[in-house]
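The exercises below ask you to read the fold of one protein chain from its coordinates. Please work each task on the model before turning to its solution.

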Amino acid sequence: MKTYADIPEENAQLETSKVMLVTVPYDGTSTWGKGADKGPELFLDASENMELYDIETSTEPYLEGVYLAGDVTEKSSPEAMTEAVYQKTKELLANDGKLFTLFGGEHSVSIGSIRAVGEKYDNLTVLQLDAHTDLRPDFHGSTSNHACAVYEASQKHNLVQVGIRSMDVEEMEYVNKEQCFWAHQIAHNENWINEVLEKVSGNVYITIDLDAFDPSIAPSTGTPEPGGLQWYPTLELLRKVFEKCNVVAFDIVELMDSPMPKPTAFLAAKLYYKMLAYYHINKN
């Protein structure tokens with residue numbers, strides 16, 4: 001039995017695990033760097049080579065259980081992939097009291113999971129950490145393109161965007177400027193974390209495109225943009241979100257295969273595990 005981070009099988013059963021992890025190795029609509037379909041494999045490999053004691057919280061999050069729910073492999077069309085992710089997420093959300101997590105794949109994989117989570121939980125905030133707004137209603141003939149990743153969420157839920165530093169002018173009409181924290185402003189605002197927290201409330205879905213981070217620490221993404229988020233301030237924001245709100249789901253996307261993917265893969269693995277630690281210390 002393959003398990004997340006090679007944890008013991010006793011910590012990887014659906015019935016006893018507090019966390020569910022589904023992977024979506026999809027890269028059907030990316031337009032520049034290709035290889036996000038290899039992201040889940042790289043992430044799981046890095047996770048197996050990670051120490052499982054979290055120093056900051058003095059915990060071992062895997063002891064709470066992580067159920068590896070398998071791959072969503074539908075790729076006949078972007079819309080079919082979105083529907084498959086939606087159905088898989090709905091299936092897993094039927095297990096009450098567990099945290100739903102997803103690892104992509106390109107950012108379009110989040111559309112279906114956010115849709116399903118939004119149907120289950122009222123008053124949903126979607127917290128997006130990303131270099132790009134991803135607010136196109138459609139792109140290249142599809143509403144399930146990676147460039148449309150949070151458009152639906154912006155229409156249905158409280159969308160808060162952090163780290164944005166690249167977009168098309170047509171997306172400006174869909175940006176809520178009171179809810180968008182531009183990277184160039186974050187760089188000169190010591191209070192930005194508290195300002196983000198003021199906008200985030202209730203039930204929360206966190207979606208993290210790894211290009212939110214500066215490419216100096218996370219280069220293996222499809223569209224790396226200079227001027228991104230740094231490691232410790234990002235962890236501080238995430239920890240405070242878990243403290244303040246009821247985080248019901250999160251995803252991490254856009255880990256791309258490259259000639260040297262391991263630093264970004266390991267960052268993704270550590271990021272996922274840190275988020276589990278923050279979740280558990282606020283639930284226990």
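**Exercise 1. The cover of a helix**

What covers the buried residues of α1?

*Solution.* The model is a predicted one, in which local features need pLDDT of at least 70 and side-chain atom pairs count only at pLDDT 80 or more, whereas totals for chains, interfaces and linings use all residues. Residues are numbered from 1 along each chain as its sequence is written, and side-chain values use heavy atoms, with hydrogens and water left out.

Step one is to locate the element: helices (H or I, at least four residues) and strands (E, at least two) are DSSP runs numbered from the N terminus, and α1 comprises residues 39-48. Step two is to apply the burial classes, where buried means under 20% relative accessible area, exposed means over 50%, and partly exposed lies in between (1.4 Å probe, protein chains only). Seven of the 10 residues of α1 are buried, so the helix is largely enclosed by the rest of the structure; the buried ones are Gly39, Pro40, Leu42, Phe43, Leu44, Ala46 and Ser47. Step three is to list the cover by contact, that is, heavy atoms within 4.5 Å: it includes β1, β2 (66-71), β3 and α8 (262-283).

**Exercise 2. Backbone geometry in the loops**

Which two residues does a cis peptide bond join, and where do serine 58 and asparagine 123 lie?

*Solution.* Most residues other than glycine have a negative phi, and most peptide bonds are trans. The cis bond joins glycine 104 and glycine 105, with omega about 20°; glycine 105 is found in the loop between β3 and α3 (110-120).

Serine 58 has a phi near 55°, a positive value in a residue other than glycine, and is placed in the loop between α1 and β2. Serine 58 is exposed, at a relative accessible area of 52%. Asparagine 123 likewise has a positive phi, of about 50°, although it is not a glycine; it is found in the loop between α3 and β4 (124-129) and is exposed, at a relative accessible area of 68%.

**Exercise 3. The chain as a whole**

Describe the overall dimensions, burial and charge of the protein.

*Solution.* The secondary structure comes to eight helices and eight strands. The radius of gyration, taken over C-alpha atoms, is compared with the globule rule of 2.2 Å times the number of residues to the power 0.38: the protein gives 17 Å, close to the 19 Å of the rule for 284 residues, so it is as compact as a globular protein of that length. Along its principal axes, the C-alpha trace spans about 50 × 45 × 40 Å.

Of the 284 residues, 57% count as buried. Among contacts between residues at least 6 apart in sequence, 77% join residues at least 24 apart.

Finally, count the charges, with Lys and Arg taken as positive and Asp and Glu as negative, leaving out His and the chain ends, and place each at NZ of Lys, CZ of Arg, CG of Asp or CD of Glu. There are 22 positive and 44 negative side chains, and the centres of the two sets lie 3 Å apart.
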